[in-house]
Amino acid sequence: MDIAAILAAVLAPKLVVTVVVCTFYGAFVGAMPGLTATMAVALLVPFTYFMDPAQAVAAIVATTTTAIFAGDISGALLRMPGTPASAAYVEDSYAMARGGRPRTALFVSLFAACIGGIIGVAILSAAAPQLARVAARFSSDEMFWLACLGLSCAVFVGGASVPRNFASLFIGLAIATVGIDVAVGHPRFTFGINDLLDGISFIPAMIGMFAVAELLRNAETRDPVRLGRLKVEGLGKAVAAGWREVRGRKINVARSGIAGTVIGSLPGAGADVAAWICYAISRRFSRTPERFGKGHTEGMIDGGAANNAALAGAWTPALVFGIPGDSVTAIAIGVLLMKGLTPGPQIFSTDALLVYTLFGSFFLANLVMLLSGTLAILAATFLLRAPRSVLMPSVLILSMLGAYAILGSTTAIWIVLALGLLGYLMSHAEIPIAPAILGIVLGQVVEDNFMVSMMKAQGDLSGFFARETAAFLGVATILIWGLLLVRAGLELAGRRPAASSRETNT
């Protein structure tokens with residue numbers, strides 16, 4: 001493909017303006033609690049009717065790129081992650097903000113997201129067909145094991161206590177069982193409420209367990225560094241500190257950028273699974289794993305880089321096979337079909353300029369995000385100067401509106417309140433919330449792929465190990481879970497003698 005023609009298409013004034021406008025739009029939507037990147041793209045669809053194919057695709061790419069990063073803003077400032085991917089490292093970013101460095105935390109996320117996104121689009125443009133062939137080999141067996149492997153990450157990242165992490169994970173999996181049974185079509189735990197037939201959406205669940213629980217904790221404390229009166233460092237100092245942290249973690253950025261792209265290319269995996277897995281890998285190979293969850297930037301850099309790298313990866317199966325890698329690319333495929341274009345292997349020959357314009361739009365959007373992200377950080381950190389009596393009710397209202405926007409029903413509000421109370425009780429029991437969120441996100445994926453595989457194999461469990469890739473992932477997952485169970489047993493056994501000795505001494 002002629003490079004000059006690609007540059008002319010990417011730098012066309014109309015397309016550049018579209019990318020700039022949509023990055024600011026994505027930053028605004030992503031920073032609002034409860035409003036997701038998928039929702040932002042869905043709201044764009046009516047406007048794409050008036051755009052040419054390249055401009056429409058650029059709008060989707062730019063909106064998604066910035067919205068995914070912007071989900072970190074509410075996570076760092078309010079402990080309300082804007083996306084499930086942001087939930088992987090929300091404890092670190094929030095702890096940094098409480099420590100008086102909210103802008104530094106956000107610039108760490110911004111720089112990691114930009115570099116990760118650029119790595120992702122570089123790999124996408126160079127190896128899309130090869131990655132697509134890998135993704136095409138993944139059946140329900142491989143996806144089941146991959147989702148189980150993702151669940152094991154929840155136990156790794158939840159904190160020091162493995163039994164409590166398991167407890168949180170199973171709470172999330174229990175919440176994920178609400179809805180229609182995929183095998184027999186029978187309602188489960190819906191209590192006759194029609195709005196629960198589709199299950200409990202992870203966005204209202206996340207808002208409740210993080211945001212409302214945090215509001216309840218704020219209501220019982222006079223700690224001045226909770227939701228308001230936080231120290232905010234200067235812009236120049238924050239930018240320099242953020243860049244210094246990211247520059248010092250080159251290996252982390254490269255590792256998570258590559259891994260995020262590969263994971264994102266697997267249909268149904270997306271940025272959520274990529275961020276959690278890369279965060280768990282970061283903690284596993286870190287020299288200071290005990291600092292994770294306490295304001296450590298290492299996991300934030302890995303998770304942030306994986307987030308945006310996975311966005312590019314998700315376009316691989318979408319372009320090459322017409323299989324959506326996530327919900328955003330599903331919408332994008334619909335837009336392309338509406339424009340008379342059919343994603344598939346032939347698109348690289350019939351519409352090569354469009355494909356490479358997409359790659360260029362990704363690259364441009366990640367660069368423009370430096371500007372839009374900086375302005376979003378400046379605007380958001382002014383929230384910290386608001387009095388608590390104003391900020392807390394405002395956060396509650398935004399939480400309710402965000403939840404209502406997902407389902408369009410008051411049931412969503414009740415879900416937020418109920419799970420907010422559950423999250424509050426879990427925090428008092430020192431049970432981490434992050435594993436529960438991942439359980440809700442991946443619970444349906446695990447169940448759906450398990451049932452499909454069981455039906456294919458007619459109930460024979462050995463079918464999960466019949467394919468080489470599935471066997472490798474299955475053995476790895478079982479070994480990891482076995483090690484975690486042994487570690488949990490050792491922790492519990494270690495506590496019992498300590499408790500017995502205390503009783504003897506008394």
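Buried means under 20% relative accessible area, exposed over 50%, and partly exposed in between, with a 1.4 Å probe and protein chains only. Keep that scale in mind for Phe170, which is partly exposed at 47%.

This is a predicted model: local features need pLDDT of at least 70, side-chain atom pairs count only at pLDDT 80 or more, and totals for chains, interfaces and linings use all residues. Residues are numbered from 1 along each chain as its sequence is written, and side-chain values use heavy atoms, leaving out hydrogens and water.

**Stop 1: the aromatic pairs.** The structure holds twelve of them. Rings of Phe, Tyr and Trp (its six-membered ring) pair if their centres lie within 6.5 Å; planes under 30 degrees apart are stacked, over 60 edge-to-face, the rest tilted. Select Phe166 and Phe170. Their planes meet at 15° and their centres are 6.1 Å apart, so this pair is stacked. Both sit in helix 8 (residues 162–176), four residues apart, or about one helical turn. Helices are DSSP runs (H or I, at least four residues), numbered from the N terminus. Phe166 is buried, at 7% relative accessible area.

**Stop 2: Tyr279 and Phe292.** This pair is edge-to-face, with 5.6 Å between centres and 75° between planes. Tyr279 is in helix 12 (residues 270–285) and Phe292 in the loop between helix 12 and helix 13 (297–320), so the pair ties together parts 13 residues apart in sequence. Both residues are buried.

**Stop 3: a cluster.** Select Phe144, Trp145, Phe450, Phe464 and Phe465. Ring pairs link them into a cluster.

**Stop 4: Arg284.** Its charged end sits over the ring of Phe285, 5.6 Å from the ring centre. The cut-offs: NZ of Lys or CZ of Arg within 6 Å of the ring centre and within 35 degrees of the ring normal.

Conventions
Helices (H or I, at least four residues) and strands (E, at least two) are DSSP runs, numbered from the N terminus.
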